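Here's a walk through one protein model with a ligand in it. Have the coordinates open and click along as you read.

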Amino acid sequence: MVAAPFSPLGSLSVFDSYDETPHIGTRFPSKSVQLSRLLEAPNSDELLKDLATLVSHRGVVFFTDQDIDIEKQKELGSRLGKLAGNPATSGLHVHPVSEQTPELAADVSVISSDGGIARVGYVKSTRASNGWHADITFEPVPSDYAILKMHTLPPIGGDTLWASGYEAYDKLSPAYQRFLEGLTALHDGSGFIEYANQQGLTINEPRGSPENIGAKLQAVHPVIRTHPVTGFKTLFVNKGFTIRIVELHEEESQDVLEYLTRHVSENHDMQVRFRWSKNDVAIWDNRCTFHTATNDYSGRRQGNRVVSIGEKPYFDPTSKSRRVALELNA
Ligand SMILES: O=C(O)CCC(=O)C(=O)O
Ligand SMILES: [Fe+2]
């Protein structure tokens with residue numbers, strides 16, 4: 001007996017969609033599906049809660065040619081997190097170094113080839129895979145969802161890749177899984193402190209939660225965390241921000257983090273690559289995915305990103321992995 005394929009679409013099943021890969025990524029290909037309309041629908045709470053559930057299961061969801069403006073994008077960010085059950089104290093993230101511009105408030109990050117936070121630490125001559133990260137994991141209360149709308153794109157290039165933290169966990173041997181469970185890791189955003197110092201900026205605070213304060217930009221989180229929406233175990237260390245596994249000796253920690261970094265970047269069966277068109281929107285879950293930009297283009301590329309704050313990461317030893325819970329064997 002093969003179990004019927006699990007569908008996390010709920011009320012969104014009335015719209016045409018397809019999965020981009022078995023483990024990560026779902027797309028709504030038609031521009032007739034507009035996020036702006038989901039926000040206004042009479043059953044918008046149901047639709048948005050189901051969207052949050054879908055994003056949490058599939059890691060990242062893509063929408064085509066969206067008319068949503070930045071105010072509505074912020075509303076979407078707030079409502080997704082709330083409907084998925086984040087704490088009352090969690091709101092939209094204020095990036096430690098986001099600059100308030102006349103058009104955009106501090107809770108919007110401009111993702112631009114011209115500079116700013118998306119370019120911090122980028123060195124052209126290093127490996128493309130050095131860019132893998134989950135957003136803002138240096139915060140004590142890190143992100144649940146992120147929404148990126150790209151309005152300016154080069155004719156070719158600039159794809160974004162996402163990888164599944166659920167599948168990253170599931171692909172490890174049971175012995176390695178047991179070794180990682182219960183360990184904790186230090187996440188560090190000091191690259192943004194250096195950037196702030198260079199630019200003469202002060203570190204913004206609070207940053208979307210009363211606990212996200214101070215200018216140190218460090219937090220300790222479980223290496224394997226339980227996702228509060230799906231209940232699945234997921235790998236929660238990333239190349240961008242995780243600097244040390246606390247319980248290990250320094251060199252052991254370096255080797256294990258190096259292994260896990262390669263595990264995510266070299267297993268392309270747990271990744272999806274998205275080629276953007278103008279005004280496409282990607283919504284991802286920072287708790288159970290990693291992502292990286294591709295710096296292979298010339299010309300301008302720019303979009304607006306809204307990141308919402310979730311809950312403090314935790315590990316529930318009784319939680320199951322995605323493959324075990326969904327009875328997937330392939
Ligand atoms: O530019 C991209 O493709 C991704 C940038 C990024 O990391 C983000 O928006 O969080
Ligand atoms: Fe990011």
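Let's start with Lys49, which lies in helix H2. Helices here are DSSP runs of H or I with at least four residues, strands are runs of E with at least two, and both are numbered from the N terminus. Before going further: this is a predicted model, where local features need pLDDT of at least 70, side-chain atom pairs count only at pLDDT 80 or more, and totals for chains, interfaces and linings use all residues. Residues are numbered from 1 along each chain as its sequence is written, while chains are lettered from A and ligands numbered from 1 in the order in which they are written.

Is Lys49 buried or exposed? Lys49 counts as buried because it has 20 C-beta neighbours inside 10 Å. The cut-offs are simple: 20 or more other C-beta atoms within 10 Å of a residue's own makes it buried, 12 or fewer makes it exposed, anything in between is partly exposed, and the C-beta atoms are placed from the backbone. Setting aside neighbours within four places in sequence, Lys49 is in contact with Leu83 and Ala84; contact means that the C-beta atoms, placed from the backbone, lie within 7 Å.

Gly10 sits in the segment before strand E1 (18–19). With 14 C-beta neighbours inside 10 Å, Gly10 counts as partly exposed. Again leaving out neighbours within four places in sequence, Gly10 is in contact with Asp50 and Thr53.

A few C-alpha to C-alpha distances are handy for checking on screen:

| Pair | Apart in sequence | C-alpha to C-alpha |
|---|---|---|
| Lys49 and Arg79 | 30 residues | 8.3 Å |
| Gly10 and Lys49 | 39 residues | 9.3 Å |
| Gln254 and Ile243 | eleven residues | 8.0 Å |

As for helix H2 itself, its 15 residues reach 20 Å from the first C-alpha to the last, close to the expected 21 Å. That expectation is 1.5 Å times one less than the number of residues. Besides Lys49, the buried residues of H2 include Leu47, Leu48, Leu51, Leu54 and Arg58. What do the buried residues of H2 pack against? Their partners are strands E2 (26–28), E3 (60–63), E5 and E13 (281–285), plus helices H1 (35–40) and H3 (70–83). Just after H2, Gly59 takes a positive phi of about 85°.

**The core and the overall build**

The largest nonpolar core has 69 residues, and Leu51 and Ala163 touch the most other members. A nonpolar core here is a set of buried Ala, Val, Leu, Ile, Met, Phe, Trp, Tyr and Cys residues joined through C-beta atoms within 7 Å. Helix H2 (residues 44–58) gives this core its largest share, six residues. Beyond four places in sequence, the contacts of Ala163 include Ile24, Trp132, Val264, Met270 and Phe290.

Zooming out, the protein chain has eight helices and 15 strands. Its radius of gyration is 19 Å, close to the 20 Å that the globule rule gives for 330 residues, so the chain is as compact as a globular protein of that length. (The radius is taken over C-alpha atoms, and the rule is 2.2 Å times the number of residues to the power 0.38.) The C-alpha trace spans about 60 × 50 × 40 Å along its principal axes. Buried residues make up 45% of the 330 residues. Among contacts between residues at least 6 apart in sequence, 85% join residues at least 24 apart.

**Around the ligand**

Which residues surround ligand 1? The shell is made of Ile111, Ala118, Asp135, Ala146, Leu148, Thr160, His291, Ala293 and Arg305, where a residue is near the ligand if its C-beta atom, placed from the backbone, lies within 6 Å of it. Strands E5 (143–152) and E14 (289–293) each supply at least two residues of the shell.

A cis peptide bond joins Glu205 and Pro206, with omega about -10°. Pro206 is in the loop between helix H6 (190–199) and strand E8 (218–222). Leu217 is also placed in the loop between H6 and E8, and has a positive phi of about 55° although it is not a glycine. Leu217 counts as buried, with 22 C-beta neighbours inside 10 Å.

Glu327, in the segment after helix H8 (322–326), has a positive phi near 55° and is not a glycine either. Glu327 is exposed, with 10 other C-beta atoms within 10 Å.

Key:
Contact = placed C-beta atoms within 7 Å.
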